[in-house]
Amino acid sequence: MEPIVDTVVIVAICVLGAALARRLGFIAPLVLLVAGLGLSFVPGIPEVHIEPELVLIGILPPLLYVAALQTNLVAFRRALRPILLLAVGLVMFTAFIVGFVVHALLPDVPLAACIAFGAVVAPPDAVSATAIARRIGLPRRVVVILEGESLLNDATALVMVRIAAGALGAAVSFWTIAGQVALKAGVGVLLGWVAAVGAAWLHRRITDPLLDDAVSLLTPFVVVIVAEKLQSSSVVAVVVAGLYLGHRIPYLLSPTSRLQMDAVWRLINFLLEGVVFLLVGLQLRDLVSHLEFDVATTVRITGSVFLTLVGVRFVWMYPATYLARLFPRIREREERPPPAVPAVIAWAGMRGVVTLAAALTLRGIAKVPGDLFVFVAFAVIVLTLLVQGTTLPMLSRRLGVHEDTSAEDALAEASVQHAASRAALERLEAAADGAPASVVDRLRALTDSRSNNAWERLGSQVQETPSAAYGRLRREMITAERHVFKIARNEGRISEEVLNRAQRELDLEESQLNRSDD
């Protein structure tokens, strides 16, 4: 009973923290992290210990999978070069530099163990950078690069941790690790593609939305379990499966399945993101109690690692951004960004729960100061989130790296909606033979209305548009209809099943009205 109560308490705190963050205009991950730090010393709050397997197999796969489902595959492909430079090149470069720095401070610790720890703290978090980037309105290409980096960098880091930790007492070669990373990632790509094709085959043949949801929920976990059995990169496999299916979902699933699946994944994503950052904060009391090194040594190593991580990312970003443009093909294909863009990307290097989970795997290994490494990893997470996470919006504004695409998006939506409406009307004229004229007129009016609504969003916001007036009046009508349903339910003269079916029709219509207002 006690674990269930603890789980309910943690989820309730996450919901309250997220609600408070939205009300105050703050970013929920940062609020929940601070809440966890404070609550870790409050009597009566459950003492939670993060298990690496829980994070790496239970939490990370669905988070990466839903992020991949929502990623634009075409934009991802166009930004693949900078994404791989960050997700593979920068992670390996950071791991070795941090490893050498830590080894210089702790010469008794094997270099391989220090490089393993460098790989632990190398990858930025998959949640925080993307959440902040979208919130502050960074340019779309920057957001795609940060999303792509966060989707793939954990794969590089986790493979490096395993290889370096397994090489204790032996020489550690950059090229040996690079070869292993490439091999495991290649197997992960193949496995993810095979799993995605299999899942797509199932989705095409399923007509029940609940079964579609079940297959979608199972997919990332099945992929991870098989990838771990084959000793390949489970992260790459999950991301590839998510990218493949996300690009094809509009053609694989029925409209009901898509709407329902979107709601399910949004809820899971919301809860997991909140739980992750709250759990990170709640580790503080346990980590402090297990720390055996003196305060001066701990502070010196923590500060050195943090400054190294920040410095290495800046050192990498500018050559990676501008040297590649010496090649004519890249220069013609990609616009040269101003220096402020790589500066913002370099500063968006917040670490997260994967760093802590990976650090926990180093505990118990001979000659490795596991408790110290775990505490430093935790401190790095907190410092990067609170220092970089809170100042990134101000930095992007100061450097002018932001983009308001609302007008451009409205124009693009109106254009594609107009083209779709024209195609729909042509199909209507071709298929209308024998249909009642009133039905044809009604369908034509519905199509025109949807197209006009998109164009109206480009117009003046000073006075009420026809679509806005329609939405306002229709909501008043829906309120009256709901009141009738309420009376009928209280009187018990109509079955609950019938009322629920009628209520669902109103819910769908009102949700569409709300979408039109966004």
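In this structure, Leu30, Leu33, Val34 and Leu37 of helix H2 meet Phe378, Val382, Leu385, Leu386, Gly389 and Thr390 of helix H18. Sorted by class, the residues of this contact comprise 8 nonpolar, 2 polar and no charged ones. The model is a predicted one, and every value in this report is computed from it.

**The packing of H2 and H18**

Two packed helices are described by the angle between their axes and the distance between the axes. Helix H2, which covers residues 28-39, packs with H18 at an angle of about 135°, and the two axes are 11 Å apart. The two helices H2 and H18 are therefore oblique to each other. The crossing in which H2 passes H18 is left-handed.

**Thr384 within H18**

Thr384 also belongs to helix H18. Its relative accessible area is 1%, so Thr384 is buried. When neighbours within four places in sequence are left aside, Thr384 is in contact with Phe306, Gly349, Met350, Arg351 and Gly389. Gly389 is also one of the H18 residues that H2 meets.

**A covered helix, H16**

Helix H16 spans residues 340-347 and is mostly covered, with 8 of its 8 residues buried. The buried residues are Ala340, Val341, Pro342, Ala343, Val344, Ile345, Ala346 and Trp347. Their cover includes helix H5 (80-105), helix H8 (140-166), helix H14 (295-322) and helix H18 (370-399).

Gly400 and Val344 are separated by 56 residues in sequence, and their C-alpha atoms are 10.0 Å apart in space. Gly400 is found in the loop between H18 and helix H19 (406-431). With a relative accessible area of 45%, Gly400 is partly exposed.

**Aromatic pairs**

The structure holds 5 aromatic pairs, and two of them are set out below.

| Pair | Distance between ring centres | Angle between planes | Arrangement |
|---|---|---|---|
| Tyr65 and Trp265 | 5.6 Å | 55° | tilted |
| Phe93 and Trp316 | 5.4 Å | 35° | tilted |

Tyr65 lies in helix H3 (residues 52-69) and Trp265 in helix H12 (residues 255-282), so this pair ties together parts that are 200 residues apart in sequence. Tyr65 is buried, with a relative accessible area of 1%. Trp265 also counts as buried, at 4% relative accessibility.

Phe93 is partly exposed, and its relative accessible area is 28%.

**An exposed loop residue**

Gln231 is found in the loop between helix H10 (209-229) and helix H11 (234-252). Its phi angle is near 60°, a positive value in a residue other than glycine. Gln231 has a relative accessible area of 58% and is exposed.

Terms used: Residues are numbered from 1 along each chain as its sequence is written. This is a predicted model: local features need pLDDT of at least 70, side-chain atom pairs count only at pLDDT 80 or more; totals for chains, interfaces and linings use all residues. Side-chain values use heavy atoms; hydrogens and water are left out. Buried means under 20% relative accessible area, exposed over 50%, partly exposed in between (1.4 Å probe, protein chains only). Helices (H or I, at least four residues) and strands (E, at least two) are DSSP runs, numbered from the N terminus. Contact means heavy atoms within 4.5 Å. Axes are lines fitted to C-alpha atoms, for helices over the stretch in contact, and angles run from 0 to 180 degrees between N-to-C directions. Angles under 35 degrees count as roughly parallel, over 145 as roughly antiparallel, 65 to 115 as roughly perpendicular and the rest as oblique. A crossing is left-handed if the near helix is turned anticlockwise from the far one by less than a right angle, and right-handed if clockwise. Ala, Val, Leu, Ile, Met, Phe, Trp, Tyr, Cys and Pro count as nonpolar, Asp, Glu, Lys and Arg as charged, and the others, Gly among them, as polar. Rings of Phe, Tyr and Trp (its six-membered ring) pair if their centres lie within 6.5 Å; planes under 30 degrees apart count as stacked, over 60 as edge-to-face and the rest as tilted.
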